[in-house]
Number of protein chains: 2
Amino acid sequence: MTKLEIRNIQRKYSGIDVLKNISCTLEEGHIYGLLGRNGVGKSTLLNIINNRVLPNKGEVKLDGEVIFEKDDLLAELFLINDTLLFNNSDHLKVNKYFKLAKSFYPDFDEALCDHLVEVFELDVKQRIDKLSTGYRSILNVILGLCVPAKFIFFDEPTLGLDANHRELFYKELLDNFSKKTRTFVISTHLIEEVSHMIDTVLILNEGVISVNETAETILEKSWALTGAIRDIQEISKGLSIVGREAIGNQQTIYVYGNVGDIPPSIQVKSVDLQKIFIELTSMKERDWREIKQSIKV
Amino acid sequence: MTKLEIRNIQRKYSGIDVLKNISCTLEEGHIYGLLGRNGVGKSTLLNIINNRVLPNKGEVKLDGEVIFEKDDLLAELFLINDTLLFNNSDHLKVNKYFKLAKSFYPDFDEALCDHLVEVFELDVKQRIDKLSTGYRSILNVILGLCVPAKFIFFDEPTLGLDANHRELFYKELLDNFSKKTRTFVISTHLIEEVSHMIDTVLILNEGVISVNETAETILEKSWALTGAIRDIQEISKGLSIVGREAIGNQQTIYVYGNVGDIPPSIQVKSVDLQKIFIELTSMKERDWREIKQSIKV
């Protein structure tokens, strides 16, 4: 089974440590969600993994081999973001662009490309620089689904896509995933919409991967406790609280980890992924360190 | 009360009528939602209203005066999209960019700008071309909220914004709206998130404004009818059906308009705005004409 190892990546911008120390292993046959607040460096990390930006330290290995500037290994990785695959191809027509992709990737899935062009109603005779924001995203996601790489990285694939087109993309991605053994890494802010697709969650927070867990485990560890403010305060001690909400004299705390024995005056509920992701991606590093120490994530 | 009239706008691209005949009136003190599928021409329309793209026909009037190339009238309109306010300002630092805005708009709201920079945690010493996609959107929405124009148009303001920042933007926009008499027009694909803010809905579909209604009226006209497929088929005739869903032998039809007498075997529910917007923005023009004839929208 092919493995992509990201080891001790560090990257500074203007003297600031954007990525402090990033390590994780991506395995074949998974759909990863790369989540995090604006500006935490998700795009930088994806660019580094795909050899488009150099790290200050660290390396990326495919099955044990460092991929840096090795074209045969890099061909197994493909990053979809808002830049085009080839420089200065903005003036090209869409069909010409797909032909060019095919010439670089002989195993480019033409049948799938034709299908996607049809279902998304993409005008292949249009020039790329005349496409709307949404249709430019569509061009990019089609490319991502048709390229024969093993690891496909989508950086905000649904920018500007309407609700129907977003649904269609998720459906086609899952369909593709069920037919070919490959790995998708999706970085997005529409967490609710992808939460049913991703099996493993990577949360990037303050320069490190703060969470690397299956979605299932995260769900099992996440609880919402609701009760009178005084009652909640009494049981709060020792809990790993990742978020709070108050309405009137009622309070809800979101807990990540063990909740222990809870008195009957407190209502205990499980939390949906979207909600817990929002809480987890918003935490400060200091709070995280404390929580990790207490629950040993 | 200031009024912006959009009259008979037509615009072709590559020989295709993108905008066939667009007329509507925007009044002061409202929040409009401009909705529609990818590629229907929402951005083109906003560019035309703001004098950045010329229409093939039609005109835009502010309180009866044609705004075309009249700087004093155009100063009352402001369009926020993914292009910057000034050409070649990509290399500027954020604080320099805001200064430039202030020099063009002496009434630029500096206090609000400082507040927004703080709550969004925007690094004002950063160069604009070094900002992430999300922070570039943040730069733009800050500008949109601080500029003293009467009509502010946001074209996909939340592109790349994380969930917390989107919430913050909606909150600040409503806060701003409650303090100053102005008009916001928001074009977005995150319909669910804005549905509680917009009071009037403009749906652009196949080159025309197919719906121009208050959100309240749309809610009053929208129904979901669920029942056995056979029962639903029996009552379908004469109804203005904008969408359908089937699970097993049960079917739900979404109706826009009068439902008349419904037998007790059919469950009648109201529909939330997000759902009905998705159905309304997806309709083909032909179906729309039929529906409009039957219910006289």
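Which strands of chain A does helix α9 lie across? The legends below, which describe a predicted model, begin with that view.

**Figure 1. Helix α9 on a sheet of chain A.** Helix α9 of chain A, made of residues 229-236, lies across β11 (222-228), β12 and β13 of chain A. The helix runs at about 135 degrees to β11(A).

**Figure 2. The four-stranded sheet of chain A.** The strands form an open sheet in the order β12-β13-β11-β14 of chain A, and their pairing is antiparallel. At the edges are β12 (241-247) and β14 (267-270) of chain A, each of which pairs on one side only. From one strand to the next, the twist averages 20 degrees. Strands of a sheet pair through backbone hydrogen bonds, either parallel or antiparallel. Six bridges join β12(A) to strand β13 (residues 250-256) of chain A, in the antiparallel sense. Within this pair of strands, A:Glu245 stands opposite A:Thr252 in β13(A).

Figure 3. A:Arg166 and A:Glu193 form a salt bridge, with their closest N and O atoms 2.8 Å apart. Over all chains, the count comes to 28 salt bridges.

**Figure 4. The contact between chain A and chain B.** The contact takes 26 residues from chain A and 26 residues from chain B. Between them the two chains bury about 2,100 Å², 46% of it on carbon and sulfur atoms. On the side of chain A, A:Arg37, A:Asn38 and A:Asn164 lose the most area to chain B, together 25% of what that side buries.

Figure 5. A:Arg37 forms a salt bridge with B:Asp162, and the closest N and O atoms are 2.6 Å apart. Side chains of opposite charge can pair when their charged atoms come close. The count of residue pairs in polar contact between chain A and chain B is 14. On the side of chain A that touches chain B, the elements giving two or more residues are α5 (133-146) and α6 (163-179) of chain A. By class, that side of chain A has seven nonpolar, twelve polar and seven charged residues.

**Figure 6. The four-stranded sheet of chain B.** Here the strands form an open sheet in the order β2-β1-β4-β5 of chain B, with antiparallel pairing. Its edge strands are β2 and β5 (65-66) of chain B, each pairing on one side only. Two bridges join strand β4 (residues 57-62) of chain B to β5(B) in the antiparallel sense, and B:Leu62 stands opposite B:Glu65 in β5(B). Helix α1 (residues 42-49) of chain B lies across β1, β2 and β4 of chain B, at about 125 degrees to β1(B).

**Figure 7. The hairpin of β1 and β2 in chain B.** Strand β1 (residues 3-13) of chain B pairs with strand β2 (residues 16-27) of chain B in the antiparallel sense over eight bridges. The bridge partner of B:Lys3 in β2(B) is B:Glu27. Two residues lie between the strands of this hairpin, and B:Ser14 in the turn has a positive phi of about 45 degrees.

Note on methods:
Residues are numbered from 1 along each chain as its sequence is written. Chains are lettered from A and ligands numbered from 1 in the order in which they are written. This is a predicted model: local features need pLDDT of at least 70, side-chain atom pairs count only at pLDDT 80 or more; totals for chains, interfaces and linings use all residues. Side-chain values use heavy atoms; hydrogens and water are left out. Two strands pair if DSSP finds at least two bridges between them. Contact means heavy atoms within 4.5 Å. Axes are lines fitted to C-alpha atoms, for helices over the stretch in contact, and angles run from 0 to 180 degrees between N-to-C directions. Buried area is the accessible area (1.4 Å probe) that two parts lose on being put together, summed over both. A salt bridge is a side-chain nitrogen of Lys or Arg within 4 Å of a carboxyl oxygen of Asp or Glu. A polar contact is a pair of N or O atoms within 3.5 Å; within protein, one must be able to donate a hydrogen and the other to accept it, and residues adjacent in sequence count only if both atoms are side-chain atoms. Ala, Val, Leu, Ile, Met, Phe, Trp, Tyr, Cys and Pro count as nonpolar, Asp, Glu, Lys and Arg as charged, and the others, Gly among them, as polar.
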